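Dear colleague,

I am handing over the structure below, together with some notes on what was found in it. Please read the notes with the structure open beside you.

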Amino acid sequence: MTENENEWVRAAVRNNAEWCDAVCRAHGLAGEFREGVWSSARRTPPLYPDAVSLTPEVSAADLVARIDTAVPGCSVKDSFACLDLEPLGFEVLFEAQWIHRPADKPVPKSRAQDVTWEPIEDAGSLPAWEAAWNEGEAGDGLFRPGLLDGNSTFLAGRCEGRIVAGAVASRSASVVGVSNLFTSADEESAWAGVLTEAARLWPGLPVVGYESGDSLEAAVRQGFTPVGPLRVWLHTA
């Protein structure tokens with residue numbers, strides 16, 4: 001990993017941890033940033049980790065000591081893919097790559113010309129956004145209205161008034177992090193729409209996130225560079 005890649009990994013890690021913290025706080029859970037780890041002492045909402053390593057130096061034992069492994073579903077985001085959590089009762093859930101896109105790279109044009117993008121600005125629109133993100137199934141309120149008042153913006157791509165694509169864009173000190181990207185069409189068009197909105201809302205800020213598999217390949221085709229690995233571990237013991 002080059003020095004620049006390491007810089008972008010750390011920026012992406014911090015940005016993602018801040019988003020996880022915001023989701024937890026919207027659910028009434030107080031996360032904590034301390035000694036190279038973000039963690040929640042109480043079980044986090046579905047799909048969100050109980051801890052995120054912020055540096056590669058953190059100890060696996062120290063990290064796990066801060067979370068509740070007794071409640072099913074406990075997970076850890078090993079941001080630098082360097083922790084051995086198997087002896088502590090975890091198994092690898094999935095692996096991915098942190099990605100980075102420079103602010104000065106031209107924004108690609110979307111092939112989905114009939115899709116218009118805009119931020120979600122009212123709480124009444126969140127259930128429709130969550131249902132579209134959940135492949136048409138009504139959500140259970142994972143994304144709470146309080147998230148609209150922070151540093152995160154829910155982006156929606158609409159076609160004939162219906163949400164057909166979307167993502168969350170979270171602004172931090174030096175980057176915009178994109179997560180929860182979804183679309184009923186092709187991911188490259190969705191990325192083009194999201195990147196256009198990010199450039200409009202936060203000009204001059206690079207974009208980061210993480211992806212794997214086909215989604216990673218789509219992001220690379222839209223100008224992202226993989227800058228470092230991560231693992232997500234699930235407690236199974």
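**The pockets and what surrounds them**

The lining of the largest pocket is made up of 20 nonpolar, nine polar and five charged residues. Please bear in mind throughout that this is a predicted model. The space in this largest pocket comes to about 880 Å³, and of the 34 residues that line the pocket, Leu47, Trp133, Asn180, Leu181 and Tyr210 lie nearest its centre. Several elements each supply at least two residues of that lining, namely α1, β4 (75–78), β5, α3, β8, β9 (176–183), β10 (207–211) and β11.

Which strand gives the most to the lining of the largest pocket? That is β9, with six residues, and β9 is itself mostly covered, since seven of its eight residues are buried. On one side of the pairing, β8 and β9 run antiparallel and are joined by six bridges, one of which can be followed through Ala165, whose bridge partner in β9 is Thr183. A hairpin of four residues leads from β8 to β9. The pairing of β9 with β10, by contrast, is in the parallel sense and extends over two bridges, with Gly177 having Val208 in β10 as its bridge partner.

The second largest pocket holds about 170 Å³ of space. It is lined by 14 residues, of which Glu18, Ala22, Gly150, Asn151 and Ser152 lie nearest its centre, and the elements that give two or more residues to this lining are α1 and β8. The most comes from α1, which gives five residues. By class, the lining of the second largest pocket has four nonpolar, seven polar and three charged residues.

**The nonpolar cores**

The largest nonpolar core has 35 residues, and within it Trp19, Trp129, Phe143 and Phe154 touch the most other members. Two or more residues of this core are given by each of α1 (3–26), β5 (90–101), α3 (126–133), β7 (152–159), β8 (162–171) and β11 (225–235), and the largest share, 10 residues, comes from α1. Apart from this core lies another, of 22 residues, including Leu181, Trp191, Ala198 and Leu216.

**Two residues with positive phi**

Although Leu47 is not a glycine, it has a positive phi of about 75°. Leu47 is found in the loop between β2 (37–39) and β3 (51–53). Is Leu47 buried or exposed? Its relative accessible area is 72%, and because exposed means over 50%, Leu47 counts as exposed.

Ala81 is likewise not a glycine and has a positive phi, here of about 50°, and its place is in the loop between β4 and β5. With a relative accessibility of 17%, Ala81 falls under the 20% cut-off and therefore counts as buried.

With best wishes

Definitions and conventions
Residues are numbered from 1 along each chain as its sequence is written. This is a predicted model: local features need pLDDT of at least 70, side-chain atom pairs count only at pLDDT 80 or more; totals for chains, interfaces and linings use all residues. Side-chain values use heavy atoms; hydrogens and water are left out. A nonpolar core is a set of buried Ala, Val, Leu, Ile, Met, Phe, Trp, Tyr and Cys residues joined through side-chain atoms within 4.5 Å. Buried means under 20% relative accessible area, exposed over 50%, partly exposed in between (1.4 Å probe, protein chains only). On a 1 Å grid over the protein atoms alone, a cavity is a set of points where a 1.4 Å probe fits but cannot get out, and a pocket is an open set with protein on both sides within 12 Å along at least five of seven lines; lining residues have an atom within 4 Å of a point. Grid points are joined across faces, edges and corners, and a volume is the space filled by probe spheres set on the points. Ala, Val, Leu, Ile, Met, Phe, Trp, Tyr, Cys and Pro count as nonpolar, Asp, Glu, Lys and Arg as charged, and the others, Gly among them, as polar. Two strands pair if DSSP finds at least two bridges between them.
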